[in-house]
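Thanks for coming. I will take the chain as a whole, then the sheet, then a few single residues.

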Amino acid sequence: MKETVEFLTKMPKFELHVHIEGAVKPNIYFKIAQKNNIDVGLKNIEEWQKFFQFKNFAHFIDVYIKAVSVLKKPEDYTELIEGFFAYQASQNILYSEAFLSASFLVESFSNSEILDAIEKGLKQGREKYKIEVALIPDIARNIPQSKEAVLELVREGKERGLFIGIGLGGLENGHPARLFEDIYKKASEYGLRKVAHAGEAVGAESIAEALDYLQAERIGHGIRCLDDSKLVERLKTTKTPLEVCPSSNYRLKLVEDNQVHPLRKMHDLGILCTVNSDDPVMFSTSLTDEYLLLFNQGFSLEELWQLNLNAIEASFLSTKQKGNLVMEFEKWKKNFLLNYKKES
Ligand SMILES: [Zn+2]
């Protein structure tokens, strides 16, 4: 058990489904709030940190709204992005493809000022933490009126080498993927990679829509695919990766606490699944904790290692980069196991 914990903690990782706003330590938000003279209604950093502890869905929304409400200036995003690098580096996450909630950005800032701030954050993060983060801004389904503006921001950001793709998040219920078909079509023409949250709160039909209307290359969550065996076959044939976020599903009650996470079945069926933390700081989890949770549910170390390698395969890196990374990861594993045996 001790070996497993150490292995999963130290293991070099990839993460493909994580929201920047939900993966930054509370103290960063606190610092930004103070700088902007915003009263968050809590006396000190300790209270603020306690406030971030996950309690229930309503409280999570409360934390989220209060946290992002301190982000007033473009330069706040420089700090936010640097804070994200710090968090990922602390988990040995060498590479992330991370979401940035763009529907809010386009309401508040001009494209050039926010892109300058993001560029600075990426530069500082890379220099300081020596890891890589690729950004995928996403449209909130429930703010459909922002879709054109987000696409334009993403297009400009891609031209500047800041973004790799476009995503779709927000409330799935009542906001079907087909409403964003036009945007994703143009995104394709701009050479952007395409992902979408689907099959989280709504069933398998929502995943099929994201594939049919958006040509999504990867599905966020997707746990409801199990409702439809034909869709499962389709995901297997097309090798469409799913970005599974176990704790997020438990916290939001999409999976009951006493239930084994559907990832078990999805993996056994041969669907290409990856493990992710979604909004780790606000869900009181971490990517390491996600792997530990799965270990405690019966996944073997070999299976968890495979899930980790799946994230390399499912990433938007080049085939050559992926090949090199798999070799590096395997080398790390061999060394860890060798040294561990020697020491014990
Ligand atoms: Zn998400």
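Before the first unit, a term: a crossover is called right-handed if, with the strands pointing away from the viewer, the path from the first strand over the helix to the second runs clockwise. By that criterion strand 6, helix 11, which covers residues 229-238, and strand 7 form a right-handed β-α-β unit. What you see is a predicted model, and that holds for everything I say from here.

The chain overall. There are 16 helices and eight strands in the secondary structure. The C-alpha trace spans about 55 × 45 × 40 Å along the principal axes. Of the 344 residues, 45% are buried. As for contacts with a separation of 6 or more, 76% of them are between residues 24 or more positions apart.

In what order do the eight strands sit? The order is 1-2-3-4-5-6-7-8, in an open sheet with parallel pairing. Strand 1, residues 13-19, and strand 8, residues 273-275, are at the edges with a single partner strand each, so one side of each has no neighbour in the sheet. From one strand to the next, the twist averages 25°.

Some of the pairings in detail. Strand 2, residues 93-101, runs parallel to strand 3, residues 132-140, and seven bridges join the two. Ser101, for example, has Asp138 in strand 3 as its bridge partner.

Further along, strand 5 and strand 6 are paired in the parallel sense, over four bridges. One of the residues involved is His197, whose bridge partner in strand 6 is Gly220. Between these two strands the chain passes through helix 10, and this β-α-β crossover is right-handed. Strand 6 is in turn joined to strand 7, residues 242-244, by two bridges, again in parallel. There Ile219 stands opposite Leu242 of strand 7. The helix of the unit I began with, helix 11, belongs to this step from strand 6 to strand 7.

Let me stay with helix 10 for a moment. Helix 10 covers residues 204-214 and lies across strand 5, residues 193-198, and strand 6, residues 218-221, at about 160° to strand 5. Which of its residues are buried? They are Ala204, Ser206, Ile207, Glu209, Ala210 and Leu214. The cover over these buried residues includes helix 9, residues 181-189, together with strand 5, strand 6 and helix 11. After helix 10 comes Gln215, with a positive phi near 50°.

Next, the nonpolar core. The largest one has 90 residues, and Ile20, Val24, Phe84, Ala98 and Ala196 have the most contacts inside it. Helix 5, residues 74-90, supplies the largest share of this core, with six residues. Leaving out residues up to four places away in sequence, Ile20 touches Leu80, Ile81, Phe84, Ala98, Phe99 and Leu100.

On to backbone angles. Most residues other than glycine have a negative phi. His221 has a positive one, near 75°, and is not a glycine. His221 sits in strand 6. Is His221 buried or exposed? The cut-off for buried is 20 or more other C-beta atoms within 10 Å, and His221 has 25, so it is buried.

Lys253 is another case, a non-glycine residue with a positive phi of about 60°. Lys253 is found in the loop between helix 12, residues 246-251, and helix 13, residues 263-268. Exposed is the label for 12 or fewer C-beta neighbours; Lys253 has 10 inside 10 Å and therefore counts as exposed.

Last, Phe295, which is in helix 14, residues 287-296. Phe295 has 18 other C-beta atoms within 10 Å, so it is partly exposed. Apart from neighbours within four places in sequence, Phe295 is in contact with Thr4, Leu8 and Leu304. Tyr213, a residue of helix 10, is 82 residues away from Phe295 along the chain, and their C-alpha atoms are separated by 36 Å.

That is the end of my part.

Definitions and conventions. Residues numbered from 1 in each chain as written. Predicted model: local features only at pLDDT ≥ 70, side-chain atom pairs only at ≥ 80, totals over all residues. Pairing = 2+ DSSP bridges. Axes fitted to C-alpha atoms, helices over the stretch in contact; angles between N-to-C directions. Contact = placed C-beta atoms within 7 Å. Core = buried A, V, L, I, M, F, W, Y, C linked by C-beta atoms within 7 Å.
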